[in-house]
Amino acid sequence: MAEDNHEDTPVEGIALKRRVGLVSGVALIVGTMIGSGIFVSPKGVLLRSGSVGTSLLVWSGCGILSLLGALCYAELGTMITKSGAEYSYMMDAFGPLPAFLFSWVSVLVLKPSMMAIICLSLGEYVVEPLNIGCPPNMYAVKLVAALSIGVITYINCLSVKLATRIQNIFTCSKLLAIAIIVVGGFIKLTEGHTKHLATGFEGESATFSDIATAFYSGLWAYDGWNNLNYVTEELKNPYVNLPLAIAIGIPLVTLCYVLVNVSYITVMSTAELLASEAVAVTWAHRVLGVMYFIMPISVALSSFGAGNGSCFTGGRLCYVAAREGHLVDILSFLHIRRHTPSPALIFNAVLALLMIIPGDIGSLIDFFSFTAWLFYGLTFLALIVMRHTKKDLRRPYKVPIVIAYIVLLVSIYLVVAPIIEDPQIEYLYASVFILSGLFVYIPFVYYKLKLNIMGNITIFFQLLLEVAPTKYMPD
């Protein structure tokens, strides 16, 4: 598919255009992986791992595991060049039902709630300087979050090029913030502040299950390693740029996470770090002095960039699922001039806005965290299955199959371990929600039941949003 340099002129054959280059691809991976978590509360890994040394090993191990998983996705993404990531791969390997259930959970819950959480975090850091000595006003936080969702969605509907440029800029800003933390920590180390790091594995008492839950916390901080696969159809030269962006982006994030944690531990004791609600701000007060305000601003900018990346990828998943007939038709339409999936982006934003109303939806993501790794595991299994069932497919990049088996086994453990070790009713609720998708799939997808009113609704929104139907156009 040729690159389109004229975003505001209609072309024959409406389709997504390849506008995402290597730099933008790396920025999308790094920008969505690094949100507010590493600045706000990296204490989950330290608390569960039991010692400074083990926590740093866990951070490194999570990065290695994310890289191995992403390399599997690189083979899938260069073999099946459709956008949609897990959805498209499961569709080709297992058929429509697993793909539909994945889109059912992701489109309705995981993607919009993740965007809502990111924007709520942004709201807290924007409002915090206005509430010195007082708890933040939640109405103000929610208002800022809602405005952020609106601005981010407008940008993504307006132009792919603008959205990717903003992603590049905000990724640079968050890397600058990380550089400040790393350099500040290094200076403190050279001044002799080594007593906290010197504790190493002292007091180590973590069990095998504790290490597993520490990995669970760390892997959520690394979530986003698969996001570039959601926009494969818009990636220039995906056969080269997809694996290359992964090879650059994920090791970069891993290095940042490990060095940032070293800096935190250099400045704060384990007890102080665990007691802090915003670790980067505590660090800034001790190292930057009167310039501490740089860090809340950096967290807000980082959250905005992560929200932009989440919106960009979430809209593409919704768009691809609708194009396959698994969601209403209007969500698969593109703007006739800008070639952006604006209906899907707006739908994702509406759901995110609904989810900021409760204000505290972090627990919702926890309940569905094992679901994410369930579908990751199915995707790794899809790679293994297609090595046998689709041997003739072109594979510009081929990962050693042993890597696929390793990450599959880890995925199984991450799904099963929390249920066995700490069974909660919420896991049952999440499972019921997944299976409830069958009540939609059977009549509307399998039997293709059509509601008469949907035709009029589609025409109304088509005229209102200036969008047209499209389909996948392979190279």
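What volume does the second largest pocket have? The second largest pocket has a volume of about 600 Å³, in a model that is predicted.

Residues are numbered from 1 along each chain as its sequence is written. In this predicted model local features need pLDDT of at least 70, side-chain atom pairs count only at pLDDT 80 or more, and totals for chains, interfaces and linings use all residues, while side-chain values use heavy atoms, with hydrogens and water left out.

**View 1. The second largest pocket and its lining.** Among the 19 residues that line this pocket, Gly-325, Leu-327, Val-328, Asp-329 and Phe-444 are the closest to its centre. A pocket is an open set of points on a 1 Å grid over the protein atoms alone, with protein on both sides within 12 Å along at least five of seven lines, and lining residues have an atom within 4 Å of a point. The lining divides into 11 nonpolar, 4 polar and 4 charged residues, where Ala, Val, Leu, Ile, Met, Phe, Trp, Tyr, Cys and Pro count as nonpolar, Asp, Glu, Lys and Arg as charged, and the others, Gly among them, as polar.

**View 2. Helix α6 against helix α14.** The axes of α6 (residues 96-127) and α14 (residues 342-355) come within 8 Å and cross at roughly 70°, which makes α6 roughly perpendicular to α14 (a term for angles of 65 to 115 degrees). Helices here are DSSP runs (H or I) of at least four residues, numbered from the N terminus, and axes are lines fitted to C-alpha atoms over the stretch in contact, with angles from 0 to 180 degrees between N-to-C directions. The contact (heavy atoms within 4.5 Å) includes Val-107 and Met-115 of α6 and Phe-347 and Leu-351 of α14. Its residues comprise 10 nonpolar, 2 polar and 1 charged.

**View 3. Helix α1 against helix α13.** Here α1 (residues 22-33) and α13 (residues 294-323) pack at an angle of about 115°, with their axes 8 Å apart. Leu-28, Gly-31 and Thr-32 in α1 meet residues of α13 that include Gly-305, Gly-309 and Phe-312.

**View 4. The largest cavity.** A cavity is a set of grid points where a 1.4 Å probe fits but cannot get out, and its volume is the space filled by probe spheres set on the points, which are joined across faces, edges and corners. The largest cavity has a volume of about 60 Å³, and its lining includes Leu-28, Gly-309 and Phe-312.

Terms used:
Helix = DSSP H or I, 4+ residues; strand = E, 2+ residues; numbered from the N terminus. Parallel < 35°, antiparallel > 145°, perpendicular 65-115°, else oblique.
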